[in-house]
Amino acid sequence: MYEDIERVLVTEEEIRAKIKEMGEAISRDYAGKELVVVGILKGAALFTADLFRQITIPATLDFMRIVSYAGTKSTGVHRVLLDLEYELDNKHVLVVEDIVDTGLTIRFLMDYLKPRNPASLRVASLLDKPSRRKVDVEIHYKGFEIPDEFVVGMGLDYNEKYRNLREICVLKPEVYTRQG
Ligand code: PRP
């Protein structure tokens with residue numbers, strides 16, 4: 001896999017330290033509250049598992065799977081393929097993403113989950129690519145701000161590959177131009 005990698009942007013150690021920090025902040029902020037952690041498949045599966053392990057207060061874990069059709073990239077149409085198992089009434093909900101890019105997925109999720117009356121609704125994201133933003137969204141717990149480069153690893157893929165890299169890596173441009 002590494003032959004397709006141009007360089008490592010965030011190391012495994014940096015990721016581990018940051019996730020620990022985020023887990024501590026979340027544990028402090030939600031102490032005494034009913035916390036539901038919602039991982040967004042597939043990209044956030046790995047980060048969600050690592051972050052959840054660093055949360056030291058009682059919390060429940062659930063997942064959603066959203067697909068987006070990027071036919072018209074700026075309007076991106078989203079569809080829910082897997083919905084939550086439990087109600088959110090009066091629960092404190094933390095949506096966990098691997099990356100916020102245009103912000104359209106988070107905007108969709110906020111609009112989709114708010115009507116379920118959670119006591120609070122916040123977002124944690126491992127990566128933030130602010131230069132690509134199309135809609136304004138708030139990220140309450142942020143790992144790393146990254147430049148506008150094609151990154152893979154820690155759950156992020158290109159054509160379903162590279163999700164299992166332990167670092168955040170910049171892919172060689174010839175890989176995604178070669179494979180279309
Ligand atoms: C990625 C990522 C976020 C979304 C962010 O998911 O996991 O959900 O894109 O982009 P946005 O801010 O522009 O909406 P993707 O649709 O690639 O699916 P995956 O998680 O299954 O890889």
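Tutor: The model is a predicted one. Axes are lines fitted to C-alpha atoms, for helices over the stretch in contact, and angles run from 0 to 180 degrees between N-to-C directions. On that basis, helix α1 (residues 12–29) packs against helix α2 (residues 45–53) at an angle of about 60 degrees, and their axes are 8 Å apart.

Student: Why are α1 and α2 called oblique to each other?

Tutor: Angles under 35 degrees count as roughly parallel, over 145 as roughly antiparallel, and 65 to 115 as roughly perpendicular, the rest being oblique. The angle here is about 60 degrees; α1 and α2 are therefore oblique. The crossing of α1 past α2 is right-handed.

Student: What makes the contact between α1 and α2, and how is it classed?

Tutor: On α1 the contributors are Ile19, Met22, Gly23 and Ile26, and on α2 they are Phe47, Asp50 and Leu51. By class, the contact comprises 5 nonpolar, 1 polar and 1 charged residues. Gly counts as polar and Asp as charged.

Student: Which residues have the most contacts inside the largest nonpolar core?

Tutor: They are Leu51, Leu126, Leu127 and Ile168, in a core of 27 residues. Elements giving two or more residues to this core include α1, α2, β6 (120–128) and β9 (168–171). The most, 5 residues, come from α1.

Student: What does Leu51 touch, leaving aside residues up to four places away in sequence?

Tutor: Leu51 touches Ile19, Met22, Gly23, Ile26, Val96 and Ala124. A second, separate core has 20 residues, among them Ile40, Leu88, Val95 and Val123.

Methods:
Residues numbered from 1 in each chain as written. Predicted model: local features only at pLDDT ≥ 70, side-chain atom pairs only at ≥ 80, totals over all residues. Heavy atoms only, no water. Helix = DSSP H or I, 4+ residues; strand = E, 2+ residues; numbered from the N terminus. Left-handed = near helix turned anticlockwise from the far one by under 90°. Contact = heavy atoms within 4.5 Å. Core = buried A, V, L, I, M, F, W, Y, C linked by side-chain atoms within 4.5 Å. Buried < 20%, exposed > 50% of the residue type's maximum accessible area, 1.4 Å probe, protein only.
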